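Student: I have just opened this structure and would like to learn how its features get their labels. Could you go through them with me?

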Amino acid sequence: MANPFGKVWLITGNSEFLSDRARRQAVDQIKAAAPEAEVAQATASSLAPGEFTALTSASLFSTAAAVVLTDLQDLGEQVASELLQYAAAPSDDAAVVLIHGGGAKGKGVLDKLRKLPSVTEVSQQAPKYERDLVAWVRQESRTLGRSIDEEGAAVLVSAVGSDLRSLAAAVDQLVTTLAEGESLDATVVRRYFGGRAEVRGYEIADAALDGRLDLALERARWAEAARVAPLLITAALASGLRQLARVVTAPPGLRDADLAREIGAPPFKIRALRQSARGWNETSLRHALDAVAKADLRVKGGSAEPAHAVEQMIIDVAVARSRS
């Protein structure tokens, strides 16, 4: 948005981090266009009738006004009418940023705002699947002037988790730490984040699902020594089994890209899943999932020996695979 004045910026979506970042970017643009502008911030539920009009009016100290209104979904009926009337004919001396927290509440106001030519919507939906998180990490890296390959992005997601604020900070750390020309790939990500608990959890799961029992147990004992929460290991194995189950039961002939979309995994991971799936069938997967569920209950229930529960789970998964 080159000139934010005379416009309404509508930020929607279910990610607080993305919405907050879009808000800060909007305010930066407003201040760049008019450094003297006063930026007033308010929550929708706190506005009384007439207050929104007052906020969008020029003050004694500045001819430019700017308003950031959060929690749009909580806007009262009278103030909503006032807002819609303003948005239909916004002031050339005012910039308005509206933030809706996602969900169905307040949808009527959103639908009406979207129809107005003065309104520009910025949708900020949080990535839902692993594949989408990987793509988000790659885009985040490109925005910072560096590229990361798909495997490296997937390793980072496994290491850091799905929290976007943490992922953005991790990408920023990698980009600012690496020397110019140094490749940002899986090897580099493991160098900086290889000790994270989630990576170890998925490494244990990968070994167990591939039938490498000795390696899976070795990694599980390393994880115990490193005080990795057993719950992370059971969660990683459950996630891996669910993905394998979708590969095993997928219609034959699906291309890697189509299967990736079907199960929500990055395309490069499909090849590894297909390889692992050769040692499994629906019956063995069901037995393995039962073993993981039992271990998960023991771990969550405060078992006196959670490490033993994890090791027994890995053995039971290996037994289930060997009988397929």
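Student: What makes Lys 107, Asp 111, Arg 114 and Glu 121 a network?

Tutor: These four residues are linked by salt bridges. A salt bridge is a side-chain nitrogen of Lys or Arg within 4 Å of a carboxyl oxygen of Asp or Glu. A word on the source: this is a predicted model, in which local features need pLDDT of at least 70 and side-chain atom pairs count only at pLDDT 80 or more, while totals for chains, interfaces and linings use all residues. Residues are numbered from 1 along each chain as its sequence is written, and side-chain values use heavy atoms, leaving out hydrogens and water.

Student: Why is the pair Arg 114 and Asp 111 called a salt bridge?

Tutor: The closest N and O atoms of Arg 114 and Asp 111 are 3.4 Å apart, and the definition asks for within 4 Å, so the pair qualifies. Both residues sit in helix H4 (residues 107-114), 3 residues apart, which is about one helical turn. Helices here are DSSP runs of H or I with at least four residues, strands are runs of E with at least two, and both are numbered from the N terminus.

Student: What are the values for Asp 296 and Lys 300?

Tutor: Their closest N and O atoms are 3.0 Å apart, and they form a salt bridge. They are 4 residues apart in helix H14 (residues 282-300), about one helical turn. Asp 296 is buried at 18%, whereas Lys 300 is exposed at 57%.

Student: How many salt bridges are there in the whole structure?

Tutor: A search finds 15. Asp 258 and Arg 255 form one of them, at 3.1 Å from N to O. Asp 258 has a relative accessible area of 21% and is partly exposed, while Arg 255 is exposed at 57%.

Student: Why is strand E4 described as largely enclosed?

Tutor: In E4 (residues 94-100), 7 of the 7 residues are buried, so the rest of the structure largely encloses this strand. Ala 94, Val 96, Leu 98 and His 100 point one way, and Ala 95, Val 97 and Ile 99 point the other way.

Student: What makes E1 and E4 a pair?

Tutor: Strands pair if DSSP finds at least two bridges between them. E1 (residues 7-12) and E4 have 6 bridges and are parallel, so they meet that condition. Strand E3 (residues 65-70) also runs parallel to E4, joined by 5 bridges. From E3 the chain crosses through helix H3 (residues 77-88) to E4, in a right-handed β-α-β crossover. Right-handed means that, with the strands pointing away from the viewer, the path from the first strand over the helix to the second runs clockwise.

Student: How do you know that the buried residues of helix H8 line one face?

Tutor: In H8 (residues 186-193), Ala 186, Val 188, Val 189 and Phe 193 are buried. Seen down the helix axis they fall within an arc of 160°, so they line one face. The arc is that of the directions from the axis to the C-beta atoms. The face turned away carries the exposed residues Thr 187 and Arg 191.

Student: What is meant by the largest nonpolar core?

Tutor: A nonpolar core is a set of buried Ala, Val, Leu, Ile, Met, Phe, Trp, Tyr and Cys residues joined through side-chain atoms within 4.5 Å. The largest has 35 residues, and among those with the most contacts inside it are Leu 237, Leu 241 and Trp 280. Helix H11 (230-248) gives the largest share, 7 residues. A second, separate core of 27 residues includes Ala 154, Val 155, Val 157 and Val 188.

Definitions and conventions:
Buried < 20%, exposed > 50% of the residue type's maximum accessible area, 1.4 Å probe, protein only.
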